[in-house]
Amino acid sequence: MVNMSNSKICIIGLGYVGLPLAAAFSSKYEVVGLDIYQTRIDELSRAYDRTLELNEAQLQEAIDNNIKFTCNIEDIKDCNIYIVTVPTPIDKNKRPDLTPLIKASETIGKVLKKDDIVIYESTVYPGATEEDCVPVLEKFSGMKFNEDFFCGYSPERINPGDKEHTVTKILKVTAGSTPEIGKKVDALYSSIITAGTHLAPTIKVAEAAKVIENSQRDINIAFVNELSIIFNKLGINTNDVLEAAGTKWNFLKFKPGLVGGHCIGVDPYYLTHKAQQIGYNPEIILAGRRLNDNMGIYVANQVIKLMIKKGHKIEGSTVLVLGITFKENCPDIRNSRVIDVISELQEFGCDITVSDYWADKDEVKREYDLNLDNNVDYDDYEAIVMAVSHDKYKNLEFSNKDQVVYDIKSILKNSDGRL
């Protein structure tokens with residue numbers, strides 16, 4: 001067994017992925033958490049996590065373990081393991097934006113020392129670590145890859161809001177830039193991951209494994225989204241069909257819905273980007289992305305049709321959208337596709353009110369220029385769109401028979417429409 005007990009770990013990026021990882025490592029190692037936002041550092045130092053991935057007690061335990069939160073590069077100079085957990089978004093043209101990854105690599109390059117290991121967790125296309133990040137590390141450190149310093153890759157599998165499948169309870173894929181480094185990276189994660197690890201033969205294999213996890217899920221959701229469109233035209237309840245089909249042992253139980261967030265709605269574009277770079281146009285992946293990207297528009301149009309059937313004048317009509325986060329029971333609003341529904345309804349001239357008790361009002365205003373209103377009377381609206389299946393919404397009952405209730409996630413007993 002490889003001994004990694006003398007490791008001092010720096011986690012770069014203290015968001016949904018980095019913070020739980022830093023806290024887990026702090027139980028056995030000396031850990032420094034680096035983030036570019038001083039406000040985030042101040043909050044974490046007070047044992048408050050705005051992402052709600054860690055509660056106060058969990059964060060306080062990490063602080064008691066002497067974890068250090070900082071914005072100062074000077075505080076990470078004596079680390080020998082650097083783990084990068086920054087976002088890998090897409091730009092407005094749906095192309096990979098490696099800016100956070102490159103900036104993090106520049107920061108590490110400035111402090112990199114002989115025999116240090118840099119491990120990337122951010123989702124990328126196959127080859128990104130060695131082709132895009134390593135040259136930056138070499139440039140800013142003045143050292144040679146796989147001679148002076150080494151790299152690893154261990155893709156994150158965090159599911160925001162999931163309190164069951166937490167970081168130590170999810171099997172971890174690991175990889176290193178040499179066979180020996182692969183064993184060291186695997187040993188490091190094995191020391192805290194109770195679910196076990198899988199050592200991939202190369203970094204590229206581990207990168208590819210991660211990016212296809214979410215691409216596969218995206219395609220499957222696209223399939224059931226298309227089914228929901230077909231069954232709606234046939235007057236069949238999609239959920240009833242899926243429940244019946246789900247009685248077969250090998251039927252995959254996916255459900256229709258809006259596909260957003262920082263993973264499923266983004267990662268496939270990393271794979272398609274790389275495929276197109278090497279001259280291949282990925283038909284199925286892009287078809288799934290197109291269908292899922294258009295579901296918000298489809299939902300809005302269904303709401304409008306139902307409102308017309310009930311005799312509502314569309315221009316100036318009031319619509320309440322319940323939920324703005326990208327998934328249930330989670331404050332994460334990144335790449336929420338609920339905004340597509342809202343924008344399309346606004347195009348029809350509807351007056352939109354958005355309510356979400358999970359989301360942060362300031363973040364929603366900054367990201368989407370929307371004002372959250374969590375003090376609403378449901379009867380006051382001509383239509384209600386149940387966009388996110390937060391637990392608090394599951395037992396709602398609406399008494400205004402003239403209004404349209406559209407239940408995207410099929411969480412209500414009765415509604416006028418659903419996917």
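This is a predicted model: local features need pLDDT of at least 70, side-chain atom pairs count only at pLDDT 80 or more; totals for chains, interfaces and linings use all residues.
Figure 1. Residues are numbered from 1 along each chain as its sequence is written, and side-chain values use heavy atoms, with hydrogens and water left out. Along its principal axes, the C-alpha trace spans about 75 × 50 × 40 Å. A compact globule of 419 residues would have a radius of gyration near 22 Å, and the protein has 23 Å, so the two agree (the radius is taken over C-alpha atoms, and the globule rule is 2.2 Å times the number of residues to the power 0.38). Buried residues make up 55% of the 419 (buried means under 20% relative accessible area, exposed over 50%, and partly exposed in between, with a 1.4 Å probe and protein chains only). Of the contacts with a separation of 6 or more, 70% come from residues 24 or more positions apart (contact means heavy atoms within 4.5 Å).

**Figure 2. The eight-strand sheet.** In total, the protein has 13 helices and 13 strands (these are DSSP runs numbered from the N terminus: helices are H or I with at least four residues, strands are E with at least two). Eight of the strands make an open sheet with mixed pairing, in the order β3-β2-β1-β4-β5-β6-β7-β8 (two strands pair if DSSP finds at least two bridges between them). At the edges stand β3 (68–70) and β8 (197–199); each has a single partner strand, so one side of each is left without a neighbour in the sheet. From one strand to the next, the twist averages 20° (axes are lines fitted to C-alpha atoms, for helices over the stretch in contact, and angles run from 0 to 180 degrees between N-to-C directions). Zoom in on β1 (residues 8–12) and β2 (residues 30–34): they run parallel, joined by five bridges. K8 has E30 in β2 as its bridge partner.

Figure 3. Four bridges pair β9 (residues 318–322) with β11 (residues 383–386) in the parallel sense, and L322 sits opposite M386 of β11. On its other pairing, β11 runs parallel to β12, again over four bridges. There, V385 has Y406 as bridge partner, and M386 stands opposite D407. Two bridges then link β12 to β13 in the parallel sense, where D407 has R418 as its partner. In a regular strand the side chains alternate between the two faces of the sheet. In β11, A383 and V385 take one side and I384 and M386 the other, and all are buried. In β12, V404 and Y406 point one way, V405 and D407 the other, and these are all buried as well.

**Figure 4. I333 in its loop.** I333 lies in the loop between β9 and α12 and is buried, with a relative accessible area of 5%. Beyond its neighbours within four places in sequence, I333 contacts I324, T325, F326, A359, E363, V364, E367 and Y368. W358 is 25 residues away along the chain, and its C-alpha atom is separated from that of I333 by 9.6 Å.

**Figure 5. Helices α10 and α7.** Buried residues of α10 (residues 283–293) are I285, L286, G288, R289, L291, N292 and D293. Their cover includes α7 (203–234), α9 (267–277), α11 (295–309) and α12 (338–347). At 1.5 Å a residue, the 32 residues of α7 should span 46 Å, and its end C-alpha atoms are 47 Å apart, which agrees (the expected span is 1.5 Å times one less than the number of residues). Just after α7, G235 takes a positive phi of about 70°.
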